[in-house]
Amino acid sequence: EPPADFICPITTELMSDPVMAADGHSYERSAIERWLATRSTSPMTGEALVHSFLAPNHMVRRQIREWEEANACCC
């Protein structure tokens, strides 16, 4: 089971392209882009986002890759 921080709160799936939104939360890029296409609020808090810029979350991406490698099936 992956750590909760590796799961997109919109898709509830393991992120492959995590980005950080203005609310400080990380999301799967495609999911938050779809969300922001019709809304200007945080999926987590419901509050208005001060901007719609999405910053790549390189640290979380690296941690997910490391977790995947450490938990890969060796069969």
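Modeller: Let's begin with Arg29, which is partly exposed at a relative accessible area of 23%. By that I mean the band between buried, under 20% relative accessible area, and exposed, over 50%, with a 1.4 Å probe and protein chains only.

Colleague: Before we go on, what sort of model is it, and what's counted?

Modeller: It's a predicted model, where local features need pLDDT of at least 70 and side-chain atom pairs pLDDT 80 or more, while totals for chains, interfaces and linings use all residues. Numbering starts from 1 along each chain as its sequence is written, and side-chain values use heavy atoms, leaving out hydrogens and water.

Colleague: OK, which residue does Arg29 meet in a salt bridge?

Modeller: Asp17, at 2.9 Å from N to O. The term needs a side-chain nitrogen of Lys or Arg within 4 Å of a carboxyl oxygen of Asp or Glu.

Colleague: And what does that pair tie together?

Modeller: Arg29 is in helix H1 (residues 29–38) and Asp17 is in the segment before strand E1 (18–20), so the bridge joins parts 12 residues apart in sequence. Those elements are DSSP runs numbered from the N terminus: helices (H or I) of at least four residues, strands (E) of at least two.

Colleague: Which residues make up the network, then?

Modeller: Asp17, Arg29, Glu33 and Arg61 are linked by salt bridges.

Colleague: How many salt bridges does the structure hold?

Modeller: Four. One of them is Arg65 with Glu68, closest N and O atoms 3.5 Å apart. Those two are three residues apart in H2, so about one helical turn separates them.

Colleague: Switching to the sheet, what's the strand order?

Modeller: E2-E1-E3, an open sheet with antiparallel pairing. Two strands pair if DSSP finds at least two bridges between them. E2 (26–28) and E3 (55–56) are at the edges with a single partner each, so one side of each has no neighbour in the sheet.

Colleague: Which residue stands opposite Val19?

Modeller: Pro56, in E3.

Colleague: And at what angle does H1 run to E2?

Modeller: About 95°, with H1 lying across E1, E2 and E3. Axes are lines fitted to C-alpha atoms, for helices over the stretch in contact, and angles run from 0 to 180 degrees between N-to-C directions; contact means heavy atoms within 4.5 Å.
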